Amino acid sequence: QVQLVESGGGLVQSGGSLRLSCRTSGFTSDYYAIGWFRQAPGKEREGVSCISRTDNTTYYADSVKGRFTISRDNAKDTVYRLQMSSLKADDAAVYYCATGNPAHGGGWCNPGWYEHWGRGTKVTVSS
């Protein structure tokens, strides 16, 4: 059974940093991608950053490029992290990690491709 558990959310001042973690279990080689997604109140869930477990290809949404970094714990391949810096009010949301088998090419960090989801961790940014 695939399980994902997020942690690391909280309250941070604008301009500050947070590191989110996603602990996974029950993975098989069937799922090659891990992604971080977020959903703010009244908005659709969006892909923030994704990484391929097979070749470490990464994707970042334009809104977070240069500020967020996705990484994996190479030793165990069970922990994935999202380092967030220079946080803005627009970054406030519930952040989820998920895994799936998106089609290769553009759009592979679209939430619709991802099958298994964690429950999320909330990030609040104060001005």
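Let's start with a salt bridge. Arg 67 pairs with Asp 91, and their closest N and O atoms are 2.7 Å apart. Where do Arg 67 and Asp 91 lie? Arg 67 is in the loop between strand S6 (58–60) and S7. Asp 91 is in the loop between S8 and S9. So the pair ties together parts that are 24 residues apart in sequence. Both Arg 67 and Asp 91 are buried.

One caution before I go on. This is a predicted model.

Back to the charges. Side chains of opposite charge can pair when their charged atoms come close. How many salt bridges does the structure hold? The count is four. One of them joins the side chains of Arg 38 and Glu 46, at 2.7 Å from N to O. Arg 38 is buried, with a relative accessible area of 6%. Glu 46 is partly exposed, at 33%. Now put the two pairs side by side. Salt bridges that share partners join Arg 38, Glu 46, Arg 67 and Asp 91 into one network.

Another salt bridge links the side chains of Asp 62 and Lys 65, at 3.1 Å from N to O. Are Asp 62 and Lys 65 buried or exposed? Asp 62 is exposed, and Lys 65 is exposed too. Compare that with Arg 67 and Asp 91, which are both buried.

One more arginine deserves a look. Arg 53 sits in the loop between S5 and S6. Its relative accessible area is 18%. The cut-off for buried is under 20%, so Arg 53 counts as buried. What lies 2.6 Å from a polar atom of the Arg 53 side chain? The backbone oxygen of Tyr 31 does.

Next, the cysteines. A disulfide is a covalent bond between the sulfur atoms of two cysteines. The count here comes to two disulfides.

Take Cys 22 and Cys 97. They are joined by a disulfide, with 2.0 Å from S to S. This pair links distant parts of the chain. Cys 22 is in strand S3 (residues 18–25), and Cys 97 is in strand S9 (residues 93–100). They are 75 residues apart. The angle about the S-S bond is 65°, and the link of Cys 22 and Cys 97 is right-handed. Cys 22 is buried, at 0% relative accessibility. Cys 97 is buried as well, with a relative accessible area of 0%.

Then there is Cys 50 with Cys 109. This disulfide has 1.9 Å from S to S. Again, distant parts of the chain are linked. Cys 50 is in strand S5 (residues 46–52). Cys 109 is in the loop between S9 and strand S10 (114–117). The two are 59 residues apart. The link of Cys 50 and Cys 109 is right-handed, with 75° about the S-S bond. Cys 50 is buried, with a relative accessible area of 0%. What about Cys 109, at 6% relative accessibility? Cys 109 also counts as buried.

Which pattern do the disulfides follow? Counting bonded cysteines along the chain, the pattern is 1-3, 2-4.

Last topic: the sheet. Four strands form an open sheet, in the order S1-S3-S8-S7. The pairing is antiparallel. Which are the edge strands? They are strand S1 (3–7) and strand S7 (68–72), and each pairs on one side only. Ignoring direction, neighbouring strands of this sheet are turned by 15° against each other on average. Strand S3, in this order, also carries Cys 22.

S7 pairs with strand S8 (residues 79–84) in the antiparallel sense, over five bridges. The two strands form a hairpin, with six residues between them. Asp 77, in that turn, has a positive phi of about 55°. Two pairings to look at on screen. Phe 68 stands opposite Met 84 in S8. Ser 71 has Arg 81 of S8 as its bridge partner.

Now the faces of S7. In a regular strand the side chains alternate between the two faces of the sheet. Which S7 residues make up the covered face? Phe 68, Ile 70 and Arg 72 do. Thr 69 and Ser 71 make up the uncovered face.

Methods: Residues numbered from 1 in each chain as written. Predicted model: local features only at pLDDT ≥ 70, side-chain atom pairs only at ≥ 80, totals over all residues. Heavy atoms only, no water. Pairing = 2+ DSSP bridges. Axes fitted to C-alpha atoms, helices over the stretch in contact; angles between N-to-C directions. Disulfide = S-S within 2.5 Å. Buried < 20%, exposed > 50% of the residue type's maximum accessible area, 1.4 Å probe, protein only. Polar contact = N/O pair within 3.5 Å; in protein donor to acceptor, adjacent residues only side chain to side chain.
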